[in-house]
Amino acid sequence: MADLWQSAMDHAVVREALQVDRKVMTKSSSVDLVTQTDQKVEKLIIQSVQEKFPSHRFIGEESVAAGERCVLTNEPTWIIDPIDGTTNFVHAFPFVAVSIGFCVNKQVEFGVVYSCLEDKMFTARRGKGSFCNGEPLQVSDQKDIKQAIIATEFGSSRDPEVVDHIFSSLRNIVSIPVHGVRGAGTAAINMCLVASGCVEAYYEIGIHVWDVAAGSLIVSEAGGVLMDVEGGQMDMMSRRIVAANSKIIAERIVKEISVFSPLRDDAPPDGHH
Amino acid sequence: MGDPWQECMDHCVEVTKKAGEMIREALQKDIAVMQKSSPVDLVTVTDQKVEQLIISSIKEKFPDHSFIGEESVAAGAPSILTDNPTWIIDPIDGTTNFVHRFPFVSVSIGFTVKKEIEFGIVYSCIEDKMYTARKGKGAFCNGVPIKVSGQEEISQSMVLTEMGFKKDPEIFKTMMANLKTILTIPVHGIRSPGSAAINMCLVACGSADAYYHMGIHCWDMAGGAAVVTEAGGVIMDISGGPFDLMSRRLIVASSRAIAERIAKEITVFPVGRDDKEGE
């Protein structure tokens, strides 16, 4: 029997490639414009998918911002970030991605991250490996934390308590010492960098399910591991993630993280976080 | 009369392309090689090879010119800048990135006469982006003119810097405190691409609005300084005073307003100088 989800995956890949409007990117300079593009792109993706797969569900960043619920059921669900790397987008800093993770029974079946300025299409199908523009991906085999590059971000919260936590973690990681700390400015691309072997790990607290759904499969299908920042199983709705080339590196990172708990993505809607 | 340094600049672009090819080849070769040997050793071999390629190719054409190259200096050559035409070379800027195949690795060459930068070339070789700038003639990326963003408002800015480990705990503390100060101005974001020369070019083409760093070297700055200035950007010392190529520190920005604000917020720590003994 043909792969049920293969046609859904093909559909996503083609739509991504066609939908990114670069002209808008180069003209844009205001945050308003980005939001409009976010909404446009998300609508386009959802409409196009709904045409072909009318029974499927959606969790999209902009739809949630507009009041839709963010709850993952067993139903086939498309988890969409139309533009991951919003700040980069505004500045034409070269890392901007479309991210789509497709879940069935709460498990990611395929993930697609299109780094559109680099024209790199990252894909992964559960059990079938990860690829970038058709080339297979493999995490790095570096097991020594002192030879590792770690990716992370400062995030968009300027709440002093949150900033304190972020700087504590950063100080700890830099002083291990690791080879270096880098950040592409987008969670989805940071995860693809882990999958590609360019960095050994990525950690962040504050991201959302739509930032990591696709990337999580791309990392695991490239041989990597996912973990919660406290060492347990990664929970896509928890807003926290560690993605690494190996358990040993992931566990070492977890030791250094100053943990805090942002409001979960699936928390009841008593106020938008 | 034609531009007296045009021939040098044309030659520079040619040899830089060859250097970039050499680096890309080194990256293509069996990744196992990088992983078997100590990463620092392997990089040094490619660094040396690339620098030798550049210097010998230039010496053939311009035998009376001087050189300040990262690897030559590491091997004991002096790094004093004289009035003589001088090529200031970083064969691989973004050493750590090179080892990890993180996509920002560059060849950087700045050419000075009477201690003034006449032209600069930065070749981001994995991206295949050749940044060039001739004094007074603008800055280009792969032949297309580039310009800084012109951003004047710090709270709308994207700032680049690097956060390498510092053995001295006081200096490390100051470096982290500077990061926090800048982040919470607030700025739009802070990024660390990992190559000083490329960071300067990212400001030059408008993808970032500022880059500050204490602890780099003249060979990291010479090429990019020309590119940023010719793209309409501002370059200054971290203290807010005039840029000093041998000072091991700088701020480049899309505007004076942003550069001065960053200078105001940064606490300086000592990094030595490239032209002093034992630095």
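How many residues of chain A are in contact with chain B, and how many of chain B with chain A? In this predicted model, 35 residues of chain A are in contact with 36 residues of chain B, contact meaning heavy atoms within 4.5 Å. Local features need pLDDT of at least 70 and side-chain atom pairs count only at pLDDT 80 or more, while totals for chains, interfaces and linings use all residues; side-chain values use heavy atoms, without hydrogens and water. Residues are numbered from 1 along each chain as its sequence is written, and chains are lettered from A in the order in which they are written.

The size of an interface is often given as the accessible area lost when the parts come together. Here the area buried between chain A and chain B is about 3100 Å², where buried area is the accessible area (1.4 Å probe) that the two parts lose on being put together, summed over both. Carbon and sulfur atoms give 66% of this area. On the side of chain A, His91(A), Arg158(A) and Arg182(A) supply 22% of what the chain buries against chain B, more than any other three residues.

By elements, helix H5 (86–91), helix H6 (160–174), strand E9 (180–182) and helix H7 (187–196) of chain A each supply at least two residues of the side that touches chain B; helices (H or I, at least four residues) and strands (E, at least two) are DSSP runs, numbered from the N terminus. The largest share, six residues, comes from H6(A). By class, this side of chain A has 18 nonpolar, ten polar and seven charged residues, with Ala, Val, Leu, Ile, Met, Phe, Trp, Tyr, Cys and Pro counted as nonpolar, Asp, Glu, Lys and Arg as charged, and the others, Gly among them, as polar.

Three salt bridges are found across the interface, a salt bridge being a side-chain nitrogen of Lys or Arg within 4 Å of a carboxyl oxygen of Asp or Glu. Arg191(B) and Glu153(A) meet in a salt bridge at 3.8 Å, N to O. Over all chains the count comes to 25.

What do the residues of H6(A) meet in H6(B)? Val163(A), Asp164(A), Phe167(A), Leu170(A), Arg171(A) and Val174(A) meet Phe172(B), Met176(B), Leu179(B), Lys180(B) and Leu183(B).

In chain A, the bond from Ile176(A) to Pro177(A) is cis, with omega near -5°, and Pro177(A) lies in the loop between H6 and E9. In chain B, a cis bond joins Ile185(B) and Pro186(B), with omega about 5°; Pro186(B) is found in the loop between H6 and strand E9 (189–191) of that chain.
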